Amino acid sequence: MADLRAALAARPAGTPVRLAKPTSNLFRFREPPGRAGVDVSAFTGVLDVDPANRTADVGGMTTYEDLVDATLPHGLIPHVVPQLKTITLGGAVAGLGIESTSFRNGMPHESVLDMDILTPDGEVVLATRENEHAALFRGFPNSYGTLGYALRLRIELEPVTPFVRLRHVRFASAAECVRAVEEICANGTYRDERVDFLDGVMFGRNELYLTLGAYTDTAPYLSDYTGQQIFYRSVRDRVTDHLTVRDYLWRWDTDWFWCSEALGAQHPLVRRLWPKRYLRSDVYRKIIALDRRYRLYERYAKLRRQPAREPVIQDVEIPVERLADFLDFFDDEIGISPVWLCPLRLRDTEGWPLYPMKPDRLYVNAGFWATVPLGPNEVDGTHNRRIESKVTELGGHKSLYSTSYFDEDEFWMAYDGVTYRKLKEAYDPNGRLPDLYSKCVRNQ
Ligand SMILES: Cc1cc2nc3c(=O)[nH]c(=O)nc-3n(C[C@H](O)[C@H](O)[C@H](O)COP(=O)(O)OP(=O)(O)OC[C@H]3O[C@@H](n4cnc5c(N)ncnc54)[C@H](O)[C@@H]3O)c2cc1C
């Protein structure tokens, strides 16, 4: 830590910096020029797991894959494990983290007990809910590395059983599905069955599924979706299923939800030839990054005179009572399918200023990751802008890990510019890190 502090402090004031990290799950591809990388490779491990207190001390750049591998032998996992293996604890806390325990455990930052944060000027501060850096602790979630970097975090863990029993329940309309989500999130049960995990998939307006998961000590059989079988298809094809906890946590990673299809990885022949160890979200993301860099698909489409396509890669959180409106709009005007659905409710009653979701309110995250053709007079951003407006109209919230098009006033209204500015003045007075708008909308 001392090396890192010294290296940062030695940079002349005003020198912009960035994290030098081998993996990323951001979907903004422009690499900002001229920003010196901060080597954080020393913060990529689990320092300690305390089974008695159910906590772990973790380097900020530790991937959830490594974190879970360290906690599972103790029969414990983090309260929320985002489903892509290379998402890091620091990335999820400063960015986005939602998974099927979020309806009861909220988001990853809500189970952080304390964290060491490297400020842009090279100081390391310990931030907790109560100490003199409590404002930074509260403002850190959704700051996307613009207020400093989390180097070490102490987090709460929850006990697990070896297996998860799954039940896929089909609904013929969004309204029906919403009723079931409300019932499960209110009681933790569905028709008297305990529900520990809850997420879902919309394949079409009249075909929605909720996947209910329950911890169990025994399993009559175990499925395997890490090779030839594909998890998202099983949601449609099966009613019940059983997985080890580890396979359950990574069920979406093998095919990047369903996005591996665009890369051919779901074609039976290609899949047989594709080494199993490379069926992983970080491999697919690297392929997409190469494509974006060299504009391969774009050039190919131009040659074939196909219309330009706009990437629509987003996660948005919609208040549950407006979910059916959102899904109708989405089906009519955007038309991407499938859509991932994941209910969440904040665990903390005070809320998080830059993540302005209301405590005690149930939201459903809708995740969609594809491209949509642009009409002859439509410019890039048309579809994303339409989605942003709808989300705002419905009282929802948009994650910032991908492209955004908000104008500046609208952005600061949505993400508490007043609190943010105070934090920026206190912790980054020399402006070494870009502000949230410049980073997430202007992509600097
Ligand atoms: C197709 C797709 C689907 C996704 N689906 C989901 C989903 O369903 N659920 C979900 O939870 N997330 C999802 N994500 C988003 C992902 O979780 C976020 O982008 C997350 O912030 C990435 O974390 P990372 O560790 O990979 O960080 P990076 O991508 O490396 O960085 C993310 C941002 O956080 C900052 N940052 C990274 N580490 C730290 C740190 N230690 N301290 C401070 N700032 C830091 C970086 O500067 C950067 O701005 C999805 C992303 C994609 C592309």
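I'll start with the cysteines. A search of the whole structure turns up zero disulfides. Keep in mind that this is a predicted model.

The cut-off for a disulfide here is 2.5 Å between the sulfur atoms. C259 is in no disulfide either; its nearest cysteine sulfur belongs to C342 and lies 16 Å away. On accessibility, C177 is buried, at a relative accessible area of 2%. C259 also counts as buried, with 15%.

Next, the sheet. It is an open sheet of eight strands, paired antiparallel, and the order reads β14-β9-β13-β12-β16-β17-β15-β18. Which strands are at the edges? They are β14, residues 240-244, and β18, residues 397-398, and each of them pairs on one side only.

Let me stay with β12, residues 197-204. Eight of its eight residues are buried, so the strand is largely enclosed by the rest of the structure. On one side, β12 is joined to β13, residues 207-216, by seven bridges, and the two run antiparallel.

α6 packs against it and touches β9, β12, β13, β16 and β17, and its direction makes about 20° with that of β13.

The crossing is right-handed. From α6 the contact takes A174, A175 and V178; from α12 it takes L323, A324 and L327. By class that makes six nonpolar residues, no polar ones and no charged ones.

I77 sits in strand β5, residues 76-78. Is I77 buried or exposed? It is buried, with a relative accessible area of 1%. Leaving out residues up to four places away in sequence, I77 touches T71, L72, L157, E158, V160, Y215 and L249. T55 is 22 residues away from I77 along the chain, and their C-alpha atoms are separated by 9.4 Å.

L263 is in a loop, the one between α8, residues 245-249, and α9, residues 268-273. With a relative accessible area of 23%, L263 is partly exposed. Which residues does L263 touch, again not counting those up to four places away in sequence? They are W274, Y284, I287 and I288. For L263 and I288, the sequence separation is 25 residues and the C-alpha to C-alpha distance is 8.7 Å.

To recap the main points: there are zero disulfides in the whole structure. The sheet is open and has eight strands, with α6 packed on it.

Key:
Residues numbered from 1 in each chain as written. Predicted model: local features only at pLDDT ≥ 70, side-chain atom pairs only at ≥ 80, totals over all residues. Heavy atoms only, no water. Buried < 20%, exposed > 50% of the residue type's maximum accessible area, 1.4 Å probe, protein only. Left-handed = near helix turned anticlockwise from the far one by under 90°. Helix = DSSP H or I, 4+ residues; strand = E, 2+ residues; numbered from the N terminus. Contact = heavy atoms within 4.5 Å. Nonpolar A, V, L, I, M, F, W, Y, C, P; charged D, E, K, R; others polar. Pairing = 2+ DSSP bridges. Axes fitted to C-alpha atoms, helices over the stretch in contact; angles between N-to-C directions.
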